[in-house]
Amino acid sequence: MANGSEYVWTQAGISLQSSHTEHLAKGAQDHNSEEHDEEKQDQHHGIHQNDEARTMDPAPSTQQVAPDGGWGWVVLMANILVLALTVNFPACLSIFFKDLQKEFNTSNSETYWVPSIMTAMRHAGGPLCSVLVERYGCRVTIMIGGAFSGLGMVVSSLVYDVTDLYITAGFVTGLGFCFTFQPTVTMIGYYFVRRRAFANAMSSVGSAIGMTILPLLGDYLLNQLGWRGSFLVLGGMLLNCSVCGAVMRPVGQTLGKQKGSGQSHHSNHSPTQLEAAGTQRRMRINLSIIVDFLRRHLAFDLFCNNLRYRMFCIGATWNMLGFTVPLMYLVPYATSQGMPPSKAAALLSILGIVSIFARPLAGVVFSLNWFQKRCIFLYVCTGSLIINGLSNCICCLSASFPVLLIYILTSGLSISIVGCLVFTVLMEIVEMSRFPAALGLITIMQSVMVLLGPPLAGLLLDKTGQYTYIFYACAACVSSSGLFIMGSFYWLNRRDEAAKGQHCQHPTRPLDPSVVPATGYIA
């Protein structure tokens with residue numbers, strides 16, 4: 001190790017502290033020798049650190065200035081294509097459900113495990129995706145995800161048992177979607193700062209484009225090639241996500257610093273040091289590594305200490321039990337009532353068209369100063385969530401095309417507003433430095449509900465034989481989650497206002513930080 005540095009053992013781990021006094025006392029020759037030894041040591045551990053950056057903070061110390069254009073527009077186009085291929089892909093698989101049921105002789109509940117596992121893996125693979133991003137960067141992770149998703153669908157075209165379909169189309173393809181989706185969204189943050197709101201609004205159009213094109217394409221492929229040939233072609237299309245990942249080159253040294261920070265613990269905790277520390281101290285170090293990993297990638301501390309974040313997590317998790325289910329059952333419901341499959345698939349395409357126009361428009365409207373000053377994003381978001389839940393009751397009136405079209409228009413507008421505001425609301429609840437971890441915990445919790453929702457709905461359909469019960473149940477789940485989040489935040493805001501009023505009457509008494517969080521509150 002370099003001369004002039006000392007290692008201080010703490011309960012949280014090992015902190016390497018540089019001694020600048022000894023450096024100043026050394027000559028130029030000793031200093032150059034010290035740097036040479038340190039570079040060799042850093043190369044042995046796979047990282048490069050300087051003398052004055054020995055901290056336990058995993059965040060990069062410097063951030064390359066985002067270009068806000070240039071190659072960023074190429075990254076944005078690749079982002080749109082990736083979201084078009086991945087986000088709504090599970091919902092569009094409903095076109096093939098009747099053929100899958102005939103092929104494997106399965107019930108509705110057994111068949112709906114396929115998109116359920118696929119969607120759940122897209123949420124649950126977040127921590128593993130975060131580790132890959134720190135180790136290899138966003139670019140390589142996206143390329144790996146594209147290969148996984150494409151390979152999963154190609155192999156799915158060859159299976160002859162529904163259990164194998166759970167593994168190939170559900171687990172492998174879903175995990176590939178996770179590896180492509182999260183790093184792709186992250187790259188927008190690296191390339192855009194001044195135009196970030198516009199870039200995020202445009203990238204969200206990708207999911208709407210996928211909802212528009214994939215149902216029509218799936219119906220055409222099913223009529224021409226059958227479900228096996230369709231899965232083969234769709235798998236080849238998903239391989240284009242790897243091509244999109246190849247163009248997402250890192251900005252400056254931002255990703256390199258992230259990769260180094262992800263390995264800093266390995267540099268500080270060498271085997272020789274751990275053996276010298278003894279068994280008890282080694283257990284403390286290992287525990288601190290695990291706690292630090294969970295803190296960085298899963299915000300358990302925020303869930304325990306931030307009441308607003310906890311309420312938001314609970315409501316958002318309960319919401320996912322019925323949020324994605326109606327779109328999966330819409331096409332089977334319409335076809336079971338005599339509607340032609342092509343016409344039923346067109347409903348999903350209309351939903352995508354509505355989102356294509358509604359999302360950018362909503363992004364422009366909510367960027368106005370009128371909304372910024374009043375900070376009513378949460379109430380607008382939860383109100384739209386309640387409307388989206390209640391709109392499912394429209395499907396129960398009739399399965400005719402005009403009635404379902406009204407449902408699609410109402411649901412598309414409400415989903416667009418929720419999609420534009422949900423991340424903004426979360427950013428106001430937690431600090432930006434903890435946003436990735438906070439989002440990661442929410443996706444993990446939501447993955448459980450996403451996994452259970454479609455099969456439970458299929459079980460309800462097998463027991464009752466009526467699709468209307470599914471839409472009623474989804475309406476209850478989604479609208480109640482919106483009411484829960486809105487009501488809890490209204491109560492918390494009133495409580496904080498009362499606490500501030502008492503503090504004004506007694507200015508010498510400090511405010512309780514557990515009552516008024518440091519991140520502020522949403523009025």
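Predicted model: local features only at pLDDT ≥ 70, side-chain atom pairs only at ≥ 80, totals over all residues.

Residues are numbered from 1 along each chain as its sequence is written, and side-chain values use heavy atoms, leaving out hydrogens and water.

**Exercise 1.** Find how many helices and strands the chain has.

Solution. Start with DSSP runs, numbered from the N terminus: helices are H or I with at least four residues, strands E with at least two. That gives 24 helices and two strands. Next, burial: 50% of the 523 residues in the chain are buried (under 20% relative accessible area, 1.4 Å probe, protein chains only).

**Exercise 2.** Work out how the rings of Trp227 and Phe231 are arranged.

Solution. First, the rule: rings of Phe, Tyr and Trp (its six-membered ring) pair if their centres lie within 6.5 Å, and planes under 30 degrees apart count as stacked, over 60 as edge-to-face and the rest as tilted. Here the centres of Trp227 and Phe231 are 5.3 Å apart and the planes sit at 80°, so the pair is edge-to-face.

**Exercise 3.** Say what the ring pair of Tyr329 and Tyr467 looks like and where each residue lies.

Solution. Tyr329 and Tyr467 are edge-to-face, 6.4 Å centre to centre with 65° between the planes. Tyr329 lies in helix 18 (residues 325-336) and Tyr467 in the loop between helix 23 (435-464) and helix 24 (468-505), so the pair ties together parts 138 residues apart in sequence.
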